[in-house]
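Please read the points below with the model open beside you.

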Amino acid sequence: MLFQSFEFIIFLIAFILTVLVWPRKHLLPIVTLASLAFYYWWYPPYIALMLLMILLAWSLSKLVYNNEKTLPYAILIVISPLVFFKYTRFVLDNISDLIN
């Protein structure tokens, strides 16, 4: 779903109207579901990765709450998919350029 598409405008209007009428204390699930729906529309297989990361981050937050020494490890685990998906191609391209 592109930001300038008609589908996005409809999605955005529906989201804003939902946020305006929904009770404030229940907005987190609405925003989470809207975010998942948005990314599912873009590329459905990534929804499994997103749900896995949500559960992993939630579990790690419980672990960190009980033992603050685990915070650096939890941060590394949570940002590792970002690093993998965003920078793997960049690193491989640079290695390829160095070799050739």
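1. Contact of α2 with α3. On the α2 side, the residues that meet α3 are T32, S35, L36, Y39, Y40 and W42. Their partners in α3 are Y46, I47, M50, L51 and I54. By class, this contact has nine nonpolar residues and two polar ones, with no charged residues. The model is a predicted one, and the points that follow should be read with that in mind.

2. Geometry of α2 and α3. Two packed helices are described by the angle between their axes and the distance between the axes. For α2 and α3, the axes come within 9 Å and cross at roughly 150 degrees. Angles over 145 degrees count as roughly antiparallel, so α2 is roughly antiparallel to α3.

3. Geometry of α1 and α2. Helix α1 covers residues 6-21 and helix α2 covers residues 27-42. Their axes come within 11 Å, and the crossing angle is roughly 170 degrees. This makes α1 roughly antiparallel to α2.

4. Contact of α1 with α2. From α1, the residues involved are E7, F8, F11, F15, T18 and V19. From α2, they are L27, I30, V31, A34, A37, F38 and W41. The residues of this contact divide into eleven nonpolar, one polar and one charged.

5. Length and burial of α2. Helix α2 has 16 residues, which at 1.5 Å a residue should span 22 Å. The end C-alpha atoms of α2 are 23 Å apart, in agreement with that figure. Which residues of α2 are buried? They are L27, I30, A34, L36 and F38. These buried residues pack against α1 and α3, the latter being residues 46-66.

6. The salt bridge. How many salt bridges does a search of the whole structure find? The search finds one. It joins D93 to R89, with the closest N and O atoms 3.5 Å apart. Both D93 and R89 lie in helix α4, residues 71-99, and they are four residues apart, about one turn of the helix. An α-helix has 3.6 residues a turn, so residues three or four places apart point the same way.

7. R89 has 62% relative accessibility, so R89 counts as exposed.

Key:
Residues numbered from 1 in each chain as written. Predicted model: local features only at pLDDT ≥ 70, side-chain atom pairs only at ≥ 80, totals over all residues. Heavy atoms only, no water. Axes fitted to C-alpha atoms, helices over the stretch in contact; angles between N-to-C directions. Helix = DSSP H or I, 4+ residues; strand = E, 2+ residues; numbered from the N terminus. Parallel < 35°, antiparallel > 145°, perpendicular 65-115°, else oblique. Contact = heavy atoms within 4.5 Å. Nonpolar A, V, L, I, M, F, W, Y, C, P; charged D, E, K, R; others polar. Salt bridge = Lys/Arg side-chain N within 4 Å of Asp/Glu carboxyl O. Buried < 20%, exposed > 50% of the residue type's maximum accessible area, 1.4 Å probe, protein only. Expected span 1.5 Å × (residues − 1).
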